[in-house]
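Here's a quick briefing to read with the model open beside you. Take a look around first, then follow the points below.

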Amino acid sequence: MKREKPDHPVLVTRSSLPPLEEYVEMLKPLWDSAWLTNMGQYHKEFAAQLKEYLGVPNLELFVNGHTALELTLQAMNLSGEVITTPFTFASTAHAIVRNGLTPVFCDINPEDYTLDADRLEALITDRTTAVVPVHVYGNICDVERIGEIARRHDLKVIYDAAHTFGETLDGQGVGTFGDASMFSFHATKVFHSIEGGAVAFRDPALASVLYELKNFGITDYEKVDSVGANGKMNEFQAAMGICNLRYVDGEIEKRRALAMRYRQRLEGVKGIRLCRENPRIRYNYAYMPVVFDGYRKDRDQVFADLAAHDIHARKYFYPCVNNYDCYRDRFSEADTPVAARISRQVLTLPLYADLEPEIVDMICDIIL
Ligand SMILES: *Cc1c(COP(=O)(O)O)cnc(C)c1O
């Protein structure tokens, strides 16, 4: 008989876990050495494995993605204004503001929801020092045009690549674009180390600066060179990362099959819009965003219908960052009308490696 409701609540995501024994095996050496954090053996191994997996020249690990981004902006010695997008997670703009910099919000393009390169140049002033674009839902920004504009105006480009772990554009690792790219290994992401993050970067000289900043600015036992923070990834996180990295390709493959199943049902339905797949990109299928634009039910109605079946989609990203309570007095959503509209139309549907295909069918039935 066809089920009406899943037999357990379905959340938008569910963390992938390696076999428990495999993780426990990894913990034994930690009990022997009692070296639990401060750049131990797993920290080294994990960083080396990630560098190879992501195909990036330089990489530094962090306790989480947000700290990675915040400290990277600090490492670049920026001042004045930094152009970013309001269609992102709180972390992106907070990292700018917490560095004493002024965010300038650029609207997004309505095709893939990333920073609209056509609108970038008009926002550049003599105070602009950097651009922080976001690869949204696994859609890679127009890195060529952003790079060209940034070079012409001598701006740094730091990508928030939290959604694009392991992706490539024309076979090239997504972390190789711009001056630096931040990846998040939070438990809810395609790939995780419980909490965790990394920055991939172009200039090898940045390595020692980032290393210092994540360790209080300490350079030697009796020497502190900069006003750093504590951003160190610990050995338990690194061990989880190493375990999960063994399985991530299979997890992405399972996500791909589920995303295709959604697509088969929802693609081409009047008033429902899915992201167009760019054949140049190898995707990680991090999210399943659906835009309801003139559909007979609006986004909030679909959200409520699913919730009534104990299926919990997410209004991700809603609200736009420039409409947060903490930013509303300084910024206005009206300045970024495309982002404002999409944030009211988009719903991200449950998608994770172990989601049962029947639940995908059930979700599509409810929507349709
Ligand atoms: C998850 C995420 C972050 C922050 O990463 P954490 O590891 O949770 O600190 C930043 N930006 C975006 C777009 C994210 O999705």
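In which loop is the place of Asp310? Asp310 sits in the loop between α9 and α10; helices like these (H or I, at least four residues) and strands (E, at least two) are DSSP runs, numbered from the N terminus.

Before going further, keep in mind that this is a predicted model, where local features need pLDDT of at least 70, side-chain atom pairs count only at pLDDT 80 or more, and totals for chains, interfaces and linings use all residues. Residues are numbered from 1 along each chain as its sequence is written, and side-chain values use heavy atoms, with hydrogens and water left out.

- Over in the loop between β8 and β9 (197–201) you'll find Ile194, which has a positive phi of about 75° although it isn't a glycine.
- Ile194 is partly exposed, since its relative accessible area is 38%.

**Helix α1**

- Helix α1 covers residues 20–33, and its buried residues are Tyr23, Met26, Leu27 and Leu30.
- Those buried residues pack against α2 (41–54) and α8 (235–266), where contact means heavy atoms within 4.5 Å.
- Just after α1 comes Ala34, with a positive phi of about 55°.

**The nonpolar cores**

- A nonpolar core is a set of buried Ala, Val, Leu, Ile, Met, Phe, Trp, Tyr and Cys residues joined through side-chain atoms within 4.5 Å.
- The largest one has 96 residues, and the members that touch the most others are Leu50, Phe87, Phe185 and Leu349.
- Helix α8 gives the most to this core, with 12 residues.
- Both domain 1 (20–245) and domain 2 (248–367) supply at least three residues each to this core; the domain bounds come from an automatic or database domain assignment.
- Leaving aside residues up to four places away in sequence, Leu349 touches Val12, Tyr262, Leu266, Met288, Val290, Leu306, Ala313, Ile363 and Ile367.
- There's also a second, separate core of 23 residues, and Leu69, Ile96, Leu206 and Leu210 are among them.

**Strand β5 and its neighbours**

- Strand β5 (residues 156–160) is largely enclosed by the rest of the structure, because four of its five residues are buried.
- On one side of the story is strand β4 (residues 128–132), which pairs with β5 in the parallel sense over two bridges; two strands pair if DSSP finds at least two bridges between them.
- Val131 has Val157 in β5 as its bridge partner.
- Together, β4, helix α6 (residues 143–152) and β5 make a right-handed β-α-β unit; right-handed means that, with the strands pointing away from the viewer, the path from the first strand over the helix to the second runs clockwise.
- β5 also runs parallel to strand β8 (residues 180–184), joined to it by three bridges.
- Look for Asp160 standing opposite Met182 in β8.

**Aromatic pairs**

- The structure holds 21 aromatic pairs. Rings of Phe, Tyr and Trp (its six-membered ring) pair if their centres lie within 6.5 Å, with planes under 30 degrees apart counting as stacked, over 60 as edge-to-face and the rest as tilted.
- Trp31 and Phe236 make an edge-to-face pair, 6.1 Å centre to centre with 75° between the planes.
- Trp31 lies in helix α1 and Phe236 in helix α8, so this pair ties together parts that are 205 residues apart in sequence.
- Trp31 counts as exposed, at 62% relative accessibility, while Phe236 is partly exposed, at 24% relative accessible area.
- Another edge-to-face pair is Phe185 with Phe191, at 5.3 Å centre to centre and 80° between the planes; both Phe185 and Phe191 are buried.
- Ring pairs link Phe46, Tyr53, Phe165, Phe183, Phe185 and Phe191 into a cluster.

Note on methods:
Buried < 20%, exposed > 50% of the residue type's maximum accessible area, 1.4 Å probe, protein only.
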